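Thanks for coming, everyone. I have one structure to walk through today.

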Amino acid sequence: MEDTIFFKPKGPFSLNKLIDACNYNDKIHDIKILDKANEKDITFFESSRYSEHAKYTKAKACITTQKLSEILPKSCKKILVKNVLLEVAKISKKFYPDADIDYPDLSLKKPKKSNYPSVKFGNNVLIGKKVKIGKKSIVGSNTIIEHDVQIGKNCVIGSNILLKNSVIGNNVVIQDGCKIGLKGFGFIPMKNKNLKFAHKGNVYIHDDVEIASSCTIDRGSIDDTIIGQNTYLDNQVHVAHNVKIGKNCMIAGQVGFAGSSIIGNNVSIGGQAGISGHLKVGNNVKIGGGSGVIKDINDNEVVMGYPAIPFRDFIKNWKK
Amino acid sequence: MEDTIFFKPKGPFSLNKLIDACNYNDKIHDIKILDKANEKDITFFESSRYSEHAKYTKAKACITTQKLSEILPKSCKKILVKNVLLEVAKISKKFYPDADIDYPDLSLKKPKKSNYPSVKFGNNVLIGKKVKIGKKSIVGSNTIIEHDVQIGKNCVIGSNILLKNSVIGNNVVIQDGCKIGLKGFGFIPMKNKNLKFAHKGNVYIHDDVEIASSCTIDRGSIDDTIIGQNTYLDNQVHVAHNVKIGKNCMIAGQVGFAGSSIIGNNVSIGGQAGISGHLKVGNNVKIGGGSGVIKDINDNEVVMGYPAIPFRDFIKNWKK
Amino acid sequence: MEDTIFFKPKGPFSLNKLIDACNYNDKIHDIKILDKANEKDITFFESSRYSEHAKYTKAKACITTQKLSEILPKSCKKILVKNVLLEVAKISKKFYPDADIDYPDLSLKKPKKSNYPSVKFGNNVLIGKKVKIGKKSIVGSNTIIEHDVQIGKNCVIGSNILLKNSVIGNNVVIQDGCKIGLKGFGFIPMKNKNLKFAHKGNVYIHDDVEIASSCTIDRGSIDDTIIGQNTYLDNQVHVAHNVKIGKNCMIAGQVGFAGSSIIGNNVSIGGQAGISGHLKVGNNVKIGGGSGVIKDINDNEVVMGYPAIPFRDFIKNWKK
């Protein structure tokens, strides 16, 4: 799966132009997460959850708090602030001034058959610039595919779908009404006017995935959102920004994932369950329908309940 | 924000034509809620929840029960019935015979650029009669804006959206797939054929609001539905008829509001929480994800659980 | 309501071509559920829940387990397997090779007024071959009605709707954004590549039904999905494959039904409740908002909670 850039960063900026009261004048080319940043980038470190990545970051500079800064390598310049995410919001807005609102793609046109000789299109399909669609894929009527989206071979993309900022593998099925690649629910709350957070990330949907009707999958903010190979989502599932779902998962109807959670492989989740943000769910986990997961779950666990507890305990409590 | 009338009342009717076995023959021009009705209107009073408004209503007449009627002012003619909402349904149908089913607007046309010189439109946008859209607003492809809808300045309205019976402020962002201003879930259950309730109300969305993808916001029945300034809704939120949400609120994904609840300012609600109907949630309240709120919540409370209880108690119970 | 075939079975096949290691060579024309199969069909029996139907099946042959096979009548040839649904998936794929993915209908055209003289259409409506629409029905803009769908008289079908594999009665209202008749969430989980289950069933929506915005109603797999007369669904309800909902039901917003559950008449279900798969909910049952129903419910019961328990007990527990 090719890496694609939907938003190109402005800049480079010197550090003291990115952050008030910063004396460094190193040139910074982009803002990235801890484990993806390199020596041209700035990164951020706002929670001890990410200490393992912080220890080894290659970033030139890192926005963080006094306390967390000690974990960072010496090579990384520490920018100490009180509210990490507020600074990140301001900086990412400088690099990506157009990524904090979902401006509709106004370059859409009907697809030229000569550009997509082996693709079948329904009526009124609208395609942005540089969209790639693989052989033998089918796209249903009234579907919108915005600029630079990539779709693999043998895909079936239904009707009334909107795809943006997304890279989609082979043999993927997306059913009618899905909205994929939109800006996530990220902002800094402020009285009278919130500060919108730039969402420059992508959605990656791997081979053999099936996504049922009317799901919403938001793109990442600074990271990406990922749906792993052969994972199936039922109707009306909500996947927030930066969520990563592994391979061979089964996600039943109306499940919701809050931002930045990481789900392992072979995980099954019953209908209407909710997974809080920034959690880690292990491999082979089974989560019962309607559960509310509010802490990490180890590999092979079976949980149910709100909040989710081991399944046996849930059933015991019920029988009382 | 201008007041707009999407449905014009038939009539006036004399009271004895509106209600069987009523001797008064005063002319009645409209049906309104207790605190909005004036001396030309009929109103209704079906629950002691609304006693404060009942005491001071200026309505010419009020449909109510024997017991509640004592709270009404002397100036208001009491129409005593057994089933208040059944009578209201019948009367509102006389005033608004076309408001109980969402007849699609069949007057839609592609927007004339000369009517909207500074608005950018995607492809296949359909606009009804007398639609107003403010300067520098953008409307994405395949979006439908029905007659008389008003949209302010600097708005970004995504693709595949349907707007009707709505008045939208400035700097509002609405993401793809939202359906706003539709008829709510109001009817009188009857064997074999329910009696549909007219929905003549509007949706008001104030400045700086952001509504993420695939939300549904129903218009009011006799009252209006309101989203306050700088309130943000995440994907797949459901807002039922007559709900009023205050300013600066954060509503996470898949939250549902049943009809007629009133939410204060600065309220944050976690994903998949549900708020029952006819409740009052105070200012600065925090409601945890997955909660089921079934009673009023005072200002500044933090609650979680199903049913929602103070957050400390919820955590205590969990640790047992 | 006329019976319609959206998918025609291939075949007939002789039994030994349908199933490896089977010696019978009877000609089999279709695969059907226990109580609908006749002497030309194969059926399947995978759970003791269906024993009553198994006893009287008229099917020529039945895929089942050793243990369950004893319940079947002598006239029915038993095909003993370890994983009944895996065999059913393989066989139904032979009969219905195109029913396991929702290929968009590529035969859509704008409706010819001469074919639908008394039907009113919005803009950009797309209609497949052999679609029938009754007198005085209205279809909103951007709506897609795929081949062979039947719609009765006096229906109001909103905008941005997709209908396929569906038969819809008279006086039905479907609000904007609904997706009805799509393939359900049925497959055999397999590492790296799930085996998709053919969905040849229909959706039947009876007279006087109202379905609010953005609902998803999946068609049946081998059986059908049914919404009974005068039943009303609020916004964002999810009805999975094979679900049968009775008459005069009220289903509030964001309710979810897992596959194959059967709901009686006059049932009311509060917002965000979830009904697990393969359950039976009796007549006149009331299910509180947010409930999680995980076992059968008898007639006239009132339940609430997760898991759902009698309402009195729920309130008692809460007051503790």
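Into which domains is chain A divided? Domain 1 covers 13-95, and domain 2 covers 120-319. Keep in mind that this is a predicted model. Those bounds come from an automatic or database domain assignment.

How far apart are the C-alpha centres of domain 1 and domain 2 of chain A? They lie 28 Å apart. The contact between the domains takes nine residues from domain 1 of chain A and eight residues from domain 2 of chain A. Look at the domain 1 side first. Its largest share, five residues, comes from helix α4 of chain A, residues 84-95. By type, the domain 1 side that touches domain 2 divides into five nonpolar, one polar and three charged residues.

Now chain A overall. It has five helices and 36 strands. The C-alpha trace spans about 65 × 55 × 40 Å along its principal axes. For 320 residues, a compact globule would have a radius of gyration near 20 Å. Chain A has 21 Å, so the value agrees with the globule rule. Buried residues make up 60% of the 320 residues in chain A. On contact order: take the contacts in chain A between residues at least 6 apart in sequence, and 24% of them join residues at least 24 apart.

Next, one sheet. In which order do the four strands of the open sheet in chain A come? The order is β3-β4-β5-β6, and the pairing is parallel. The edge strands are β3 (30-31) and β6 (77-80) of chain A, each pairing on one side only. In general, strands of a sheet pair through backbone hydrogen bonds, either parallel or antiparallel. Zoom in on the β3 edge. Two bridges join β3(A) to strand β4 of chain A, residues 41-45, and the two run parallel. There, D30(A) stands opposite D41(A) in β4(A).

Most residues other than glycine have a negative phi, and most peptide bonds are trans. Here are some exceptions.

Start with the peptide bonds. G11(A) and P12(A) are joined by a cis peptide bond, with omega about 0 degrees. P12(A) lies in the segment before β1 (13-14) of chain A. Chain B has a cis bond too: G11(B) to P12(B), omega about 5 degrees. P12(B) sits in the segment before β1 (13-14) of chain B.

Then phi. N160(A) is not a glycine, yet its phi is positive, about 60 degrees. Find N160(A) in the loop between β13 (156-157) and β14 (162-163) of chain A. Is N160(A) buried or exposed? N160(A) is buried, because 29 other C-beta atoms lie within 10 Å, and the cut-off for buried is 20 or more.

Q236(A) is another case. Its phi is near 60 degrees, again positive in a residue other than glycine. Q236(A) is in the loop between β24 (232-233) and β25 (238-239) of chain A. With 31 other C-beta atoms within 10 Å, Q236(A) counts as buried.

On to the chain contacts.

Last stop, one residue in chain B. F311(B) lies in helix α5 of chain B, residues 311-319. Which residues does F311(B) contact, leaving aside neighbours within four places in sequence? They are G288(B), V302(B), V303(B) and M304(B). F311(B) has 17 C-beta neighbours inside 10 Å, so it counts as partly exposed. For a distance check, take K196(B). F311(B) and K196(B) are 115 residues apart in sequence and 40 Å apart in space, C-alpha to C-alpha.

That is the tour. Over to you.

Definitions and conventions:
Residues numbered from 1 in each chain as written. Chains lettered and ligands numbered in written order. Predicted model: local features only at pLDDT ≥ 70, side-chain atom pairs only at ≥ 80, totals over all residues. Buried ≥ 20, exposed ≤ 12 C-beta atoms within 10 Å, placed from the backbone. Contact = placed C-beta atoms within 7 Å. Pairing = 2+ DSSP bridges. Rg over C-alpha atoms; globule rule 2.2 N^0.38 Å. Nonpolar A, V, L, I, M, F, W, Y, C, P; charged D, E, K, R; others polar.
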